[in-house]
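Let's take a friendly walk through a protein model together. Keep the picture in view as you read, and look for each part as it comes up.

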Amino acid sequence: MAEKQPTHLTELSKNKCFDGFYYRYKHWSSVLGCDMVFTIALPFELSADDKRSNGSVSLFWWLSGLTCTDENFITKINPLRVSGPAGIAVVAPDTSPRGLNLPGETDSWDFGAGAGFYLNATQEPWSAHYKMFDYVVNELPSVLFTNFPFLNSQSQAISGHSMGGHGALVCALKNPGKYKSCSAFSPISNPSNVPWGQKAFKGYLGEDQSEWGKWDATHLVSSYNGPKLDVLADLGESDQFGHQLEPTAFKEAANKNSSISLNYRTQKGYNHSYFFVSTFFDDHFDFHKKHLSA
C-alpha cells in the first residue's frame with residue numbers, strides 16, 4: 001500500500017463569499033498520525049491555469065480555542081469580508097488530532113480532542129500524536145506552500161482566541177522572525193498558573209514544571225531575543241473565564257523586554273464569546289495588514 005502523503009489534499013467543500021472562496025480540505029498528517037481538516041480563505045478562485053506569481057499572497061493564521069474546529073472562526077467571523085479586499089489568504093486549522101480513540105481523549109472538553117493546546121506532548125499516550133505545535137509551525141505550512149505556491153512564506157501573521165491566543169503567542173515567541181505580527185483575543189497567557197493550563201500541561205507534559213515553561217507565553221516572552229515583535233491583545237472585562245486568563249504576569253514580563261511591543265487592551269462589558277471576537281476582529285486584521293504590507 002502506498003504511503004500517505006501529507007501534501008495530497010482532498011477538497012471537502014468550496015464556497016464563494018465576498019468575491020473570494022472558502023476551501024475546506026482534508027489531508028493526512030504524518031506529524032499527528034491522522035487525517036486533519038483545515039479551511040483556507042482565498043481572495044480569488046483557484047484554477048488550473050493560475051498565473052499568479054510565486055510568493056505574491058500574504059498568509060494570516062487563525063488558531064481557535066477549546067472545543068472548536070476550523071469552522072467556528074470561519075462561520076462566526078467570516079474573515080473574507082476583510083481579507084478578500086486586502087488580497088490576504090487566511091488559514092484556520094483544527095485544534096487537535098481527531099479520531100484516534102486514545103484512552104480519555106473525549107472524556108472532558110478541556111483536554112484531548114478539541115484541546116491540543118498547540119504544544120508537543122511528551123507523555124504517553126499523547127506524545128505519539130498530540131504535536132499541534134509541529135503541525136501548525138512546520139507540517140501544515142509545508143502543505144500550504146507546496147499546494148499553493150502563490151503564498152508568501154516570508155509574509156505571515158498569526159492570531160487566535162483563548163487556547164488559540166495562547167497558541168499564537170507561543171508560535172510567535174518560539175519562532176523569532178517567522179511571523180510579521182502576533183495578536184490574541186482572551187489568551188491563556190500564563191497557563192502554568194491557571195487551571196486550564198495546569199490540567200493540559202500535567203496531562204501532555206508531565207509533572208516537571210520546568211517543561212511547562214517551554215510552552216508558557218509569560219516565560220517565553222521574558223527570554224525572547226529575536227527581531228522586534230509587535231503584539232496586540234484584547235480581553236473583555238466581563239470575561240466569564242477571567243480567572244483562566246489573568247494577564248498581569250505576561251504584561252509585566254513583556255513590558256520588560258525591549259524586543260516586544262505589547263498593546264494589551266481591556267474592553268468594557270465584553271465576555272469570552274465570539275460576539276467579543278467579532279467586534280474587534282477587523283481591528284486586529286488591520287493591525288496585521290499593516291505589518292504584512294510593510
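Predicted model: local features only at pLDDT ≥ 70, side-chain atom pairs only at ≥ 80, totals over all residues.

Now move to the strands. β1 takes in residues 10-17 and β2 takes in residues 20-29, and the two pair in the antiparallel sense over 7 bridges. Within this pairing, lysine 14 of the chain stands opposite tyrosine 23 in β2. Together β1 and β2 form a hairpin, with 2 residues between them. Phenylalanine 18 sits in that turn and has a positive phi of about 50°.

Strand β2 also holds tryptophan 28. Is tryptophan 28 buried or partly exposed? It is partly exposed, because its relative accessible area is 23%, and a residue counts as buried only under 20%. Leaving aside residues up to four places away in sequence, tryptophan 28 touches Lys4, Pro6, Gly33, Cys34, Asp35 and Glu139.

One of those contacts, Cys34, leads us to the cysteines. How many disulfides are there? The count comes to 0, where a disulfide would need two cysteine sulfur atoms within 2.5 Å. For cysteine 34, the nearest cysteine sulfur is that of cysteine 171, 17 Å away. Cysteine 34 counts as buried, at 5% relative accessibility. Cysteine 182 is in no disulfide either, and the nearest cysteine sulfur, again that of cysteine 171, is 8.6 Å away. Cysteine 182 is buried too, with a relative accessible area of 0%.

Our last stop is the largest pocket, which has a volume of about 250 Å³. Its lining is made up of 15 residues, and those nearest its centre are Leu66, Cys68, His161, His272 and Tyr274. Which elements give two or more residues to this lining? They are α1 (71-77) and α10 (274-292).

Terms used
Residues numbered from 1 in each chain as written. Heavy atoms only, no water. Pairing = 2+ DSSP bridges. Helix = DSSP H or I, 4+ residues; strand = E, 2+ residues; numbered from the N terminus. Buried < 20%, exposed > 50% of the residue type's maximum accessible area, 1.4 Å probe, protein only. 1 Å grid on protein atoms, 1.4 Å probe; cavity = no way out; pocket = protein on both sides within 12 Å on 5 of 7 lines; lining within 4 Å. Points joined across faces, edges and corners; volume = space filled by probe spheres on them. Contact = heavy atoms within 4.5 Å.
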